[in-house]
Amino acid sequence: MTSSQMALLPHQTLVRTDRTGRFGVAYVRAVMASAGVGFSEGSPDEDVIGIDGRIEYGPGDVRVQIKATTSPRFNQDGETRVSVEPRHWAAWKRNMLPVYGVLVVLEDCPDDSLWIDTSHDDVTHVPAAAYWARLNGPTVTQTSGGIVFPRSQRFTVDTVREIFEALEGGYGD
């Protein structure tokens, strides 16, 4: 039995893979709130075009695909890949708005409650990190290995500003 199939505790309603995905969305929401920018999530069961939500800037929106994992495998070049369905690559390519991928990496621990460390009196720590990649546009090429997330591209409050600047520049690089 895999960790995603383990029996739920009496109070739980989400299996581990679902908890991981929900935490990924919550992490992106937290970064967006810190940046002072709105984020709207689509219905979790309706991401048929590989879009989980929208970053809501005043002049226009940017679409986002969110992935979350506890086991990234960064190679010697500092990149990790996440597999995606070919139909999603096709949908992103056709999309007239910018599409970004965000990979949220959580600690791989037996007790998921450690994803939020409340053991300190006045501070809550979230031992996680996120990375981003552009999924459509003139310089993006589809890879059979999935989405490439460089470790150098952390998804932060500064990233939210940089994405806005790219949006202002006309959806280019």
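Reader: Let's begin with R29: how exposed is it?

Author: R29 is partly exposed, because its relative accessible area is 36%, and that label covers values between buried (under 20% relative accessible area) and exposed (over 50%), found with a 1.4 Å probe on protein chains only. Please keep in mind that this is a predicted model, in which local features need pLDDT of at least 70 and side-chain atom pairs count only at pLDDT 80 or more, while totals for chains, interfaces and linings use all residues. Residues are numbered from 1 along each chain as its sequence is written, and side-chain values use heavy atoms, with hydrogens and water left out.

Reader: OK, and which side chain does R29 meet in a salt bridge?

Author: R29 meets the side chain of E41, with 3.7 Å from N to O; a salt bridge here is a side-chain nitrogen of Lys or Arg within 4 Å of a carboxyl oxygen of Asp or Glu. The pair links distant parts of the chain, since R29 belongs to helix α1 (residues 16–35) and E41 to strand β1 (residues 38–41), 12 residues apart. Helices (H or I, at least four residues) and strands (E, at least two) are DSSP runs, numbered from the N terminus.

Reader: Why would such side chains pair at all?

Author: Side chains of opposite charge can pair when their charged atoms come close.

Reader: Which residues are linked with R29 in a network?

Author: R22 and E41 are linked with R29 in a network of salt bridges, and E41 is itself partly exposed, at 24% relative accessible area.

Reader: How many salt bridges turn up in the whole structure?

Author: A search of the whole structure finds 7. Among them is the one between D61 and R54, whose closest N and O atoms are 3.1 Å apart, and another joins D158 to R161 at 3.8 Å, N to O.

Reader: Where do D158 and R161 lie?

Author: Both lie in helix α3 (residues 157–168), 3 residues apart, which is about one turn of the helix.

Reader: New topic: is T80 buried or exposed?

Author: T80 counts as buried, because its relative accessibility is 3%, and its place is in strand β4 (residues 79–82).

Reader: What does T80 touch?

Author: Leaving aside residues up to four places away in sequence, T80 touches P72, R73, F74, L103, I147, V148 and F149, where contact means heavy atoms within 4.5 Å. As for R73, its backbone oxygen is reached by the side chain of T80 at 3.2 Å.

Methods: A polar contact is a pair of N or O atoms within 3.5 Å; within protein, one must be able to donate a hydrogen and the other to accept it, and residues adjacent in sequence count only if both atoms are side-chain atoms.
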